[in-house]
Amino acid sequence: MKISKERFIDELLKSCKECREHSMAFWKLKTLALNGDTYYLPENDCYYGVYDKFMFYCFSKDNKCYIPLEELNEFQCISMSKSMYEGIQKNLVDFNAKYGYKLHYDFNFKNVADTTNRYSIQSFDFSDDKHYAIASEIINQGNGEWILPNNLKKIMREPVFDPSMWLFVKDNNKNELIGISISTYDEQLKETDIEWFYIRPEYHRKGAGRYLISEIIKRSAYRSFDIRVGGTNEFYKKCGFIELESNVWASKEGFSLYAPCIQPNIL
């Protein structure tokens with residue numbers, strides 16, 4: 001049965017606080033809920049949210065999915081924990097699953113950053129159009145125009161926007177900005193998400209990325225219960241991030257999420 005978005009979001013917040021393994025940041029799940037439909041199955045104490053044929057979150061006390069089979073197969077895409085997905089996958093038709101992680105920072109990790117003074121941190125100047133252009137160029141890395149300067153400005157409207165978490169790393173020898181990191185901070189969850197992290201390819205494996213990560217941790221560890229980043233990239237693991245339960249993104253052929261409310265690359 002349908003339930004109010006307010007009730008769903010209250011329960012979603014509780015779930016995210018308890019498990020800390022949600023595949024998307026809480027604010028994104030909340031935004032999808034506000035723009036989609038929210039449901040509750042009282043006989044199983046199971047909640048789920050749907051945005052345009054995309055079942056973006058499902059949670060229950062026993063971590064099982066109780067959505068009726070015929071309804072599940074009508075979705076174009078579903079996202080849930082690996083263990084929940086394994087309980088229903090044999091009954092799904094035409095879904096292709098991709099497994100991924102939200103890596104979580106190990107607060108006991110001792111990071112060793114560059115100490116040669118080759119690199120330094122430069123805060124993003126939101127009044128300088130050049131900074132948007134440089135950040136866009138670093139993120140795109142020659143692969144078209146995925147993120148334009150105006151797309152970056154849209155991120156500033158997000159409810160978790162934190163200007164202190166927009167950082168460049170600079171090569172002091174060349175006086176050049178060589179990497180960008182844009183993180184968000186969710187006050188409700190005390191959670192930091194590293195959303196955009198890019199280093200120019202010629203600076204890979206030269207300490208620049210680790211130097212930038214160390215500054216992110218410094219600025220967020222004192223106020224965060226959790227610091228998260230997407231993917232299974234070995235670089236993040238070397239910087240102190242660990243894998244918890246994997247998440248599944250299972251979609252049908254031809255599906256592409258179109259959600260301007262959470263995707264800044266859509267103008």
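I count a residue as buried under 20% relative accessible area, exposed over 50%, and partly exposed in between (1.4 Å probe, protein chains only). This is a predicted model, so I note that local features need pLDDT of at least 70, side-chain atom pairs count only at pLDDT 80 or more, and totals for chains, interfaces and linings use all residues. Residues are numbered from 1 along each chain as its sequence is written, and side-chain values use heavy atoms, with hydrogens and water left out.

**Salt bridges.** My rule is a side-chain nitrogen of Lys or Arg within 4 Å of a carboxyl oxygen of Asp or Glu. That gives 17 salt bridges.

**Helix α1.** Helices are DSSP runs of H or I, at least four residues, and strands are runs of E, at least two, numbered from the N terminus. I found Lys14 paired with Glu11 at 3.5 Å, N to O. They sit three residues apart in α1 (residues 5-19), about one turn of the helix. Lys14 counts as partly exposed because its relative accessibility is 47%.

Arg20 bridges to Glu191, with the closest N and O atoms 3.3 Å apart. Arg20 is in the loop between α1 and α2 and Glu191 is in strand β10, 171 residues apart. Both Arg20 and Glu191 are buried. I also see them in a salt-bridge network with Lys102, Asp193 and Arg228.

Glu215 is buried at 12% relative accessible area, while Arg219 is partly exposed at 24%. Of the 13 residues in α7, 10 are buried.
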